[in-house]
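Subject: Structure handover

Hello,

Here is the structure for your set. Please look it over; my notes follow below.

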Amino acid sequence: MTIIIRDAANTPRTITAIQVRDATNTPRTISEMWARDSNNVPRLVFSLVPPMTASATPNTVFGFTSGTGTATSDSTTVTPVGGLAPYTYAWTLLTFGSAITPTADSPTSATTTFTQTGIGIGDSTFAEWQCQVTDSSASPYTALAYVSSFWTDLT
């Protein structure tokens with residue numbers, strides 16, 4: 001779908017931004033504009049929502065235990081750039097090196113720690129995690145961030 005805007009002299013102009021004012025005459029930014037086609041199906045006409053990336057800081061975390069068999073790692077935080085806030089987060093375990101499955105302690109939050117149980121005396125184990133971040137635009141963007149976690153018994 002092409003939309004052409006012409007000025008008073010009938011010269012085609014490019015839209016680079018659209019601004020609307022609310023009832024108090026305060027400017028409000030529009031991130032997306034939709035129109036319905038002849039079949040009443042909504043179609044995206046204009047979008048200023050930038051593509052999205054995500055990164056985790058730190059992307060390697062550690063947890064320690066002293067004979068208790070349970071260790072919780074330091075926290076990590078995923079930060080999205082671009083897209084349209086608010087964002088949703090979904091942590092997924094990709095791989096792990098223990099007989100017992102580790103857990104993400106806050107699996108739907110930007111910040112989480114990871115817990116591993118059943119760590120034997122003097123043992124170490126690991127896991128690899130992925131966080132999928134989804135923005136709230138009408139055609140959602142997603143981005144992935146990855147974190148490695150390591151747990152060790154210090155006895």
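Start at the surface: Phe62, Phe64, Phe126, Phe150 and Leu154 form a nonpolar patch with about 480 Å² of accessible area together. Patch members have over 30% relative accessible area and no salt bridge; nonpolar side chains (Val, Leu, Ile, Met, Phe, Trp, Tyr) are joined within 5 Å, like charges within 9 Å. A salt bridge puts a side-chain nitrogen of Lys or Arg within 4 Å of a carboxyl oxygen of Asp or Glu. Areas are Shrake-Rupley, 1.4 Å probe, with only the protein chains shown as cover for residues.

This is a predicted model: local features need pLDDT of at least 70, side-chain atom pairs pLDDT 80 or more, while totals for chains, interfaces and linings use all residues. Numbering runs from 1 along each chain as its sequence is written, and side-chain values use heavy atoms, without hydrogens and water.

Phe126 is partly exposed because its relative accessibility is 31% (buried is under 20%, exposed over 50%, partly exposed in between).

Pairing takes at least two DSSP bridges. Strands 11 and 15 (residues 124-134) run antiparallel, joined by eight bridges. Leu93 has Trp129 as its bridge partner in strand 15.

A second open sheet is antiparallel, with three strands in the order 9-14-12. Its edges are strand 9 (71-72) and strand 12 (103-104). Thr72 stands opposite Thr115 in strand 14.

Best wishes

Conventions. Helices (H or I, at least four residues) and strands (E, at least two) are DSSP runs, numbered from the N terminus. Buried means under 20% relative accessible area, exposed over 50%, partly exposed in between (1.4 Å probe, protein chains only).
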